[in-house]
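Please keep the structure open while reading this note, and check each numbered point against it.

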Amino acid sequence: MIKIEHLVKNYGSNCAVDDISFSVESGEIVGFLGPNGAGKSTTMNILTGYLSGTSGKVSIDGIDILADPLGAKKLIGYLPEQPPLYLDMTVDEYLNFAYDLKGCKLPRAEHLAEVCEVVKITDVRKRVIRNLSKGYKQRVGIAQALVGNPKVIIFDEPTIGLDPKQIIEIRNLIRTLGKGHTVILSTHILQEVQAVCDRIVIINKGKIVADELTENISRAVENNRRFNVKICGPSREVLSAIKSMSGIVYAEALAERDGDAYTYMIESDYGVDVRKKLFYTMAERGWAIIGLEALGMSLEDIFITVVDKSAEDKIRQSKPTRRRSGGKDALEKQVAEAMVQEGAQKRAIADATEIEDEE
């Protein structure tokens with residue numbers, strides 16, 4: 001549905017987008033991520049036809065955005081970071097204006113009623129937009145993106161400034177839209193991407209540095225290997241017993257104390273669940289476990305590591321390392337490096353395929 005091929009955008013001597021290529025299939029929800037200044041917004045603006053690229057090609061459902069901009073834009077619904085609302089209009093007036101502006105041919109009354117029902121703004125259709133809450137204004141912005149039933153919907157920071165309840169509602173709405181549309185979601189909120197996207201594309205310094213299915217990242221994030229456990233007993237003996245257990249790669253006593261109980265941070269081998277073994281080991285010695293907290297991996301740490309790794313000339317395979325207090329988790333590095341490496345391999349394969357086609 002969306003295909004970007006060797007896209008380059010220069011602003012004078014500054015290269016904002018540096019030869020990127022990726023595609024989005026019909027019905028797919030893709031999270032497009034990157035730090036500030038990475039080229040994310042520039043790519044989005046080129047994708048929507050707001051800017052032209054220096055070189056390369058962008059097509060929507062086979063239509064070149066430069067060769068036939070009107071034809072391509074008819075297939076796109078776009079919600080920028082600041083919704084393009086006319087605050088003195090009522091919701092109905094604004095949506096009718098969007099309908100006329102897009103040259104929509106669908107039955108007006110039925111189509112607008114359906115759009116309002118989907119985004120749940122039917123009860124405010126007669127109200128002036130200025131008087132709506134932030135959440136409702138965001139919904140009205142989404143509604144205008146849906147007018148004309150476009151095949152592609154692009155959201156730029158759709159939940160920024162919303163309260164937790166509104167964020168959940170917008171996420172659910174995006175998931176619903178993904179069933180019948182192709183969706184690109186650009187955001188800095190990584191939990192949002194993990195919650196609604198099928199795939200994650202990360203851009204840094206104008207280049208695609210990772211392109212991975214969300215489920216692969218989620219599986220790594222949710223695979224807890226680290227725990228804080230609170231155990232009643234002599235600290236040195238407890239720590240020694242923990243370290244002697246098979247499957248434990250690292251353990252240390254933390255400075256937290258609760259009566260005769262001490263807190264220990266433990267890390268197991270990848271894929272090993274030590275909780276039952278830990279329970280029986282402590283029970284045999286008469287030491288009570290009074291607390292156990294899983295320390296899940298941070299998606300933010302993975303993102304930061306991917307971005308940092310993309311700046312390196314060579315990608316090195318990380319080896320299992322022991323966890324030190326305040327250090328980065330080895331598995332986070334492995335996941336991040338694997339994402340970067342896979343992105344590099346995909347680019348190499350795409351380039352090789354193009355060379356063969358030209359020959």
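**Notes on salt bridges, a pocket and a surface patch**

1. Asp211 forms a salt bridge with Arg199, and the closest N and O atoms of the two are 2.7 Å apart. Asp211 lies in strand S10 and Arg199 in strand S9, so the pair ties together parts that are 12 residues apart in sequence. Please bear in mind that this is a predicted model.

2. Buried means under 20% relative accessible area, so Asp211, at 11%, counts as buried, and Arg199, with a relative accessible area of 10%, is buried as well.

3. Arg199 also meets Glu28 in a salt bridge, at 3.1 Å from N to O. Because Arg199 lies in strand S9 and Glu28 in the loop between S2 and strand S3 (29-33), this pair ties together parts that are 171 residues apart in sequence.

4. The structure holds 12 salt bridges, including one between Lys207 and Asp18, whose closest N and O atoms are 3.3 Å apart. Lys207 is partly exposed, with a relative accessible area of 40%, and Asp18 is partly exposed too, at 26%.

5. The largest pocket has a volume of about 920 Å³ and is lined by 29 residues, of which Lys73, Ile76, Leu101, Lys102 and Gln144 lie nearest its centre. The lining divides into 16 nonpolar, 8 polar and 5 charged residues, and its largest share, 4 residues, comes from H3.

6. On the surface, Phe279, Tyr280, Ile289 and Leu292 form a nonpolar patch with about 410 Å² of accessible area together, to which helix H10 (275-284) and strand S14 (289-294) each supply at least two residues.

Conventions:
Residues are numbered from 1 along each chain as its sequence is written. This is a predicted model: local features need pLDDT of at least 70, side-chain atom pairs count only at pLDDT 80 or more; totals for chains, interfaces and linings use all residues. Side-chain values use heavy atoms; hydrogens and water are left out. Patches are made of residues with over 30% relative accessible area and no salt bridge: like charges are joined within 9 Å, nonpolar side chains (Val, Leu, Ile, Met, Phe, Trp, Tyr) within 5 Å. Accessible areas come from the Shrake-Rupley method with a 1.4 Å probe; for residues, only the protein chains shown count as cover. A salt bridge is a side-chain nitrogen of Lys or Arg within 4 Å of a carboxyl oxygen of Asp or Glu. On a 1 Å grid over the protein atoms alone, a cavity is a set of points where a 1.4 Å probe fits but cannot get out, and a pocket is an open set with protein on both sides within 12 Å along at least five of seven lines; lining residues have an atom within 4 Å of a point. Grid points are joined across faces, edges and corners, and a volume is the space filled by probe spheres set on the points. Ala, Val, Leu, Ile, Met, Phe, Trp, Tyr, Cys and Pro count as nonpolar, Asp, Glu, Lys and Arg as charged, and the others, Gly among them, as polar. Buried means under 20% relative accessible area, exposed over 50%, partly exposed in between (1.4 Å probe, protein chains only).
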